[in-house]
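Morning, everyone. Please bring up the structure, and I'll take you through a few places in it.

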Amino acid sequence: MAYESLPPLTANTEWQALTSHARDMANVHMRELFHQDPGRFSRFSLTAAGLTLDYSKNRVRDDSLAQLFALARSRQLPQRIESLFLGEQVNTTEQRPALHFALRAPANASITVDGENIMPQVQATLDRMESFVWRVRSTQWRGFSNKPFTDVVSIGIGGSFLGPKLVSASLKPYWHGRLNCHYVANIDGSDITEVLRHIDPETTLFLIQSKSFGTQETLENTKVAREWFLHNGGCEQTIGKHFVAVTANDAAAREFGIEADNIFPMWDWVGGRYSLWSAIGLPTALTIGMDNFRALLAGAQHMDRHFRTAPLEQNMPVILGLLGVWYSNFFGADTHAVLPYDHYLRGLPAHIQQLDMESNGKRVRLDGQAVDYQTGPIIWGGVGANGQHAYHQLLHQGTRLAPADFIMPLKTHNPVGDHHRILFANGLSQTQALMHGKTEDEALKEMLDAGVPPADAKALAPHKAIPGNKPSNTLLFDKTTPETLGALIALYEHKVFVQGALWDLDSFDQWGVELGKQLGKDILSQLQPDLPKAGRIKALDSSTAGLIELYRRRDSGCHDPD
């Protein structure tokens, strides 16, 4: 199908029906839904690609879901899913397909861009990665002093940082015993300084991850790494032994000193936040090995197949996406919490934050017209059970509606005492408490039964009452393995696509990111210490101008030519 803008969403008959239905559901409590329907869990749960989703603790009935699926069909969601997998230009503002799924597709698949099957180059890159990873891990490739590598430093930002960092941390039990992986992204000098302070230049391999080989933060950190290397035993002739690049700008990488064989490709048809499956995942592959990296791809491929082929009513990304639309657009929820109950998955909220907010943080439809409805929610979260002693208070008794995803493995890599059983119980208790709550009468009775004086109990009861009826999804899997992690990340990628399709957005561009980069260059030129006053450009506003002058006066290397 032609990937074209649809009629205004709020004019849809299905949208208007859902608006009316949401009013009917406003006073329906999930506690009653469970009481009325003992089989609710079995009907509102499903399993795919090694993941089990329980979505029964949501403010929906069968008729609610039926109307949401009707909305999805009215927005041509099945056709849009197929457009994605057919390689059509779903990134309309840049006239590109979004083919991250090709990075984990079967080797014999045929996926074309401009009439060319891209799968041979995808497979060739995986083969090159495999050879590179084997040489480093087997100590065939060594540093300038012939010592094996002990540390890998990945320098990138955005999708070249968050995705690989998440996967590396999540799969720590699979790490090579000798290689440690470090990530540098921030332009704050403290970031790279703290990493360089603890590594040895003779045994460190740097991976430079930048499509343009010119992203400001990545380039500046790369310069620092290079100077550190050259001042600590390295030389120009040995840069090629210690620096590898993943980039589309081969010329710039070669000029830096990186050998052509050590430059891995990036493609325009993969956005940064979807690139962890490509050579951007090299730091992950080095630490967990290529067999495990290929297993990660296989897990994502299983979710891809499910997303493309399962009916909407049994489609995990579709269901999660529609529930997100239900709360964002019909219940006024501005945020969505991602709460992994697994220490290794502690980086998941940050990755989902970029994936979702950079994709669907948009204010115009595909045809350029402004939307008249809310789009992407604010994504936040943290690792359980730590959050229970912090922000869960707001989830339970605050005035804001914040749907949440609880993500929990059934088994742990580290069975210490009764820890995992307690952790799992904590996660389930939170979802139950959010759903069920505690009435004021229940709180009062509880205190009276405990012997609290009636007057004190009555005064305390309103403070102890918890309204409940707060929605959550629970995602379970056997253990955090490469396969389940691949499926989990792909699940959220597709959920984001579903919501963007319903909101009629281009989920694959990020023009809002570019303005800050553009203005940052202009401001940087005004912060140079030797810039004469006559050469200073008038700032856009008095606030920015005043802050620039404050910096210049406080900069120890700055002099005012007055």
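Let's start with a pair of helices. H15 and H20 are roughly parallel to each other, because their angle falls under the 35 degrees that sets that class. Here are the numbers. H15 covers residues 348-360, and H20 covers residues 482-503. Their axes cross at roughly 25° and come within 10 Å. The crossing is right-handed. Who makes the contact? From H15, we have Leu348, His351, Ile352, Leu355, Asp356, Ser359 and Asn360. From H20, the list is Leu488, Ile489, Tyr492, Glu493, Val496, Gln499, Gly500 and Trp503.

One reminder before we go on: this is a predicted model.

Next, helix H9, residues 216-230. How far apart are its end C-alpha atoms? They are 21 Å apart. That agrees with expectation, because 15 residues at 1.5 Å a residue should span 21 Å. Now look at what is buried in H9. The residues are Thr218, Asn221, Thr222, Ala225, Arg226, Trp228 and Phe229. Look down the axis of H9, and these buried residues fall within an arc of 160°, so they line one face of the helix. The background is simple. An α-helix has 3.6 residues a turn, so residues three or four places apart point the same way.

You'll find Gln123 in helix H6, residues 119-137. Is Gln123 buried or exposed? Its relative accessible area is 17%, and the cut-off is under 20%, so Gln123 is buried. What does Gln123 touch, leaving aside neighbours within four places in sequence? The contacts are Ala105, Ala107 and Arg294.

On to the loops. I have three backbone details to show you.

First up, Ala49. This residue lies in the loop between strand E1 (45-48) and strand E2 (51-54). Phi of Ala49 is near 50°, a positive value, and the residue is not a glycine. Ala49 counts as partly exposed, at 24% relative accessibility.

Then Asp114. Look in the loop between strand E3 (112-113) and strand E4 (116-117). Asp114 is not a glycine either, yet its phi is positive, about 55°. Asp114 counts as exposed, with 81% relative accessibility.

Last, a peptide bond. Is the one from Gly384 to Ala385 cis or trans? It is cis, with omega near 10°. Where is Ala385? In the loop between strand E11 (378-381) and helix H16 (392-397).

Key. Residues are numbered from 1 along each chain as its sequence is written. This is a predicted model: local features need pLDDT of at least 70, side-chain atom pairs count only at pLDDT 80 or more; totals for chains, interfaces and linings use all residues. Side-chain values use heavy atoms; hydrogens and water are left out. Helices (H or I, at least four residues) and strands (E, at least two) are DSSP runs, numbered from the N terminus. The expected span of a helix is 1.5 Å times one less than its number of residues. Buried means under 20% relative accessible area, exposed over 50%, partly exposed in between (1.4 Å probe, protein chains only). The arc is that of the directions from the helix axis to the C-beta atoms. Axes are lines fitted to C-alpha atoms, for helices over the stretch in contact, and angles run from 0 to 180 degrees between N-to-C directions. Angles under 35 degrees count as roughly parallel, over 145 as roughly antiparallel, 65 to 115 as roughly perpendicular and the rest as oblique. A crossing is left-handed if the near helix is turned anticlockwise from the far one by less than a right angle, and right-handed if clockwise. Contact means heavy atoms within 4.5 Å.
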